[in-house]
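Here is a note for a colleague who is opening this structure for the opening look. Please keep the sequence and the 3D view side by side while reading.

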Amino acid sequence: MSTIQKNKLSLTGNQAAAEAMRQIDPDVVAAYPITPQTEIVMAFSQFHADGKVNTEMIRVESEHSAMSACIGSASAGARTMTATSSQGLALMHEMVFIAASLRLPIVMPVVNRALSGPINIHCDHSDTMAERDSGWIQIFAENPQEVYDHMFLAMKLAEHPDVQLPVMVNQDGFITSHGVEIVDVLEDKAVKDFVGEYKPKTPLLDLKHPVTMGALDLYDYYFEHKRQQAEAVKRAFGLFDKVAGDVSKLTGRKYPMVETYQFDDADYVIVTMSSAAGTTKFVIDSLRAQGTKVGLLKIRLFRPFPYKIISGLLKGKKGVAVLDRSASFGAFSPVYTEIMNSCYYLDARPNIYPVVFGLGGRDLTPKLIESVYTGLIGNKFKTDQIEYLGVRE
Amino acid sequence: MAFLLKDLLGKDKILTSGHRLCPGCGAPMAVKMVTMATDNPLIITSATGCLEVSTTIYPFTAWDTPWVHSAFENAGATISGLQTAFLAWKKKGKIDKEVKFLAFGGDGGTYDIGLQALSGALERGHDFVYVCYDNQGYMNTGAQRSASTPMGASTTTEPAGKKSIGKRIQRKDLTMIAAAHHNAYAAQSSISHWQDLMSKAKKAFEYEGPAFINVLSPCVRFWRVPSSKTVEIAKLAVETNFWPLFEIENMKLTLNFKPKERKPIIDWIKAQGRYKHLLQAGNEPVIDEIQKEVDAYFDYLVRLSSI
């Protein structure tokens, strides 16, 4: 039994992120408001206005400047955070890559929202998926509790001396960001002790040891530096379970890279991420009550991607539907592609079906999820054809 | 309060020799004059550009002070982050020195792509100095047109031709845009007037809040002038009133230099290959128009300074 005192609060996903940020009390937050992330910046600004944090805030004039200011701050040696959504993430795209390549452990809640055009404010994963090759660690939360917990995991993993990489803490726009749930909140002191003091390796503020960061890197060194970056992400993968375990000790909850639900004896499986997993669990319960062996594989860690764990789990399944909340026009969607990559070398390779759902916030109803399981069982899908779930054809 | 050369001789160089800027480049002159104007430790950021690429070719660096570059359009935002991190460290007692924060951008990175980030940083009131080394074009990549390219100059993206005089319109008045952020100290100077530039840099470092200095910094390569003429050509810009030296503080404009008799703009035009097409017969009206604009702008500054 954990001896740490816990409080239960009614929080939205956004408030949960802001509450975690208050408790982490970073040195610098540079942020720009955007729907549906706005509430994070507003709530944190109020904490700042009420003197509840020691953080220095920069109210930047754009997301490009938000990430640029974060890069300045983090390279100086400050513990640095921001938050964004959709167009904001797209606008900072250039700097997102640079933050990772400068090895700056910035933590950024990303409240997933569809990318324009047409303009839409509701949830899908097109924003974060466009950054999947950026070198950031990407963690996905199912609900406000996971948003809250993931913030500490993200901070510790980002700042680990062997990692030094930025982390995105993803949650579903509106569905999670504006949905109120009961969240177990830790004592401030427990968080403070857990996150500790950030010890940057080569801060610019260390005047005695001047360093040059962001030098021009040509064909004689760039490749080696990219190779080192790949190695750092690999180390983050190796350390994820350890850091997640440390957070578990604090919260009593577990954070595996991949989570399963009613999985071991399941013949037919849905693979998905974020809030869709919650709805899927609900459907599984009702289908299981009717004696159908269905299960769920939820991906928490998308970058780096846990290929081996997933192939081990999917081995021998009869049918797998991969539910992607983003599209890759003219190609299969990102999660499906990675699942296919995971399973290629399996002897008992399951049939794997690509399903795209929920673009622009289209509701994923239990009935739709049920139709996926029914389709899997009835062998109605084709492996080479994307199923668009809930769309008017 | 003038700077004395004998005092400057012994000063540590922040930008050391061995960098790969062209012979005769104005940028390192601007950097050296500005960085020698303070005794405080400096943390510097540079926008992408000549200065950045030529001073930090990995694994070498010419900077003997903490320095960072991340992108082209964001020196204003980067310096905001750097300076704010310093405030956070200071609050925690992790640093006790008075550090100064300095950003360099070329005219491409400042007039054009970085204007928003600069404006944001000035408006927010961070305590920093931003120096634009203005060489009137994207010289790092081969003389493409910028908002600072003057009327009549030929660039590779708005070249002179049978039906073109080069750039058709006047350059943007960036110094006054910076001055429109009324909390900022804004100044215009030239590498040819080192006392003027260093005094303004000193004032900018001592100013509590944002400061911006626009420094004319000739590109001998693409202005098509001999590499020995950098200072001379910059001086001519001031003496023709093409590049007036002035500063704005607390919404008060001071003209720092009024030539007794301003030289005609044709002297400035004739001295540079980038204008050579203007000397062809038939282009006299263009030169007249440039002269009129130069005089009108100087009159405007005189009126503002005497109010």
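The numbered points below go from whole chains to single residues.

1. Ground rules. This is a predicted model, in which local features need pLDDT of at least 70 and side-chain atom pairs count only at pLDDT 80 or more, while totals for chains, interfaces and linings use all residues. Residues are numbered from 1 along each chain as its sequence is written, and chains are lettered from A and ligands numbered from 1 in the order in which they are written.

2. Chain B as a whole. Chain B holds 12 helices and 10 strands. Helices (H or I, at least four residues) and strands (E, at least two) are DSSP runs, numbered from the N terminus. The radius of gyration of chain B is 19 Å, close to the 19 Å of the globule rule for 307 residues, so chain B is as compact as a globular protein of that length. That radius is taken over C-alpha atoms, and the rule is 2.2 Å times the number of residues to the power 0.38. The C-alpha trace spans about 70 × 50 × 40 Å along the principal axes of chain B.

3. Burial and contacts in chain B. Of its 307 residues, 54% count as buried. A residue is buried if 20 or more other C-beta atoms lie within 10 Å of its own, exposed if 12 or fewer, and partly exposed in between; C-beta atoms are placed from the backbone. Among contacts in chain B with a separation of 6 or more, 69% link residues 24 or more positions apart. Contact means that two C-beta atoms, placed from the backbone, lie within 7 Å.

4. Nine strands form an open, mixed sheet in the order β9(A)-β2(B)-β1(B)-β3(B)-β4(B)-β8(B)-β7(B)-β9(B)-β10(B). Strands pair if DSSP finds at least two bridges between them. At the edges stand β9 (212–213) of chain A and β10 (252–255) of chain B, each with a single partner strand, so one side of each is left without a neighbour in the sheet. β9(A) pairs with β2(B) in the parallel sense over 2 bridges. There, A:Met213 has B:Val68 as its bridge partner. Further in, 5 bridges join β1 (42–46) to β3 (100–106) of chain B, again parallel. B:Ile44 is partnered by B:Leu102.

5. The interface between the chains. Chain B and chain A contribute 38 residues each to the contact. On the chain B side, β1, β2 (67–68), α4 (75–91) and α6 (115–124) each give two or more residues. Which element gives the most? α4(B) does, with 13 residues. By class, this side has 21 nonpolar, 13 polar and 4 charged residues. Ala, Val, Leu, Ile, Met, Phe, Trp, Tyr, Cys and Pro count as nonpolar, Asp, Glu, Lys and Arg as charged, and the others, Gly among them, as polar.

6. Two domains in chain A. Domain 1 covers 6–198 + 236–251, and domain 2 covers 258–389. These bounds come from an automatic or database domain assignment. The C-alpha centres of the two domains lie 27 Å apart. The contact takes 26 residues from domain 1 and 19 residues from domain 2.

7. Strand β12(A). Buried or exposed: what are the residues of β12 (294–299) of chain A? 6 of its 6 residues are buried. One face carries A:Val294, A:Leu296 and A:Lys298, and the other A:Gly295, A:Leu297 and A:Ile299. β10 (258–261) of chain A runs antiparallel to β12(A), with 4 bridges. β11 (268–272) of chain A runs parallel to β12(A), with 5 bridges. The chain crosses from β11(A) through α10 (276–289) of chain A to β12(A) in a right-handed β-α-β crossover. Right-handed means that, with the strands pointing away from the viewer, the path from the first strand over the helix to the second runs clockwise.

8. Backbone details to check. The peptide bond from A:Arg303 to A:Pro304 is cis, with omega near -5 degrees. Another cis bond joins B:Tyr58 and B:Pro59, with omega about 10 degrees. A:Ser274 is not a glycine, yet has a positive phi of about 60 degrees. A:Ser274 counts as buried because it has 27 C-beta neighbours inside 10 Å. B:Asn250 has a positive phi near 50 degrees. B:Asn250 counts as exposed, with 7 C-beta neighbours inside 10 Å.
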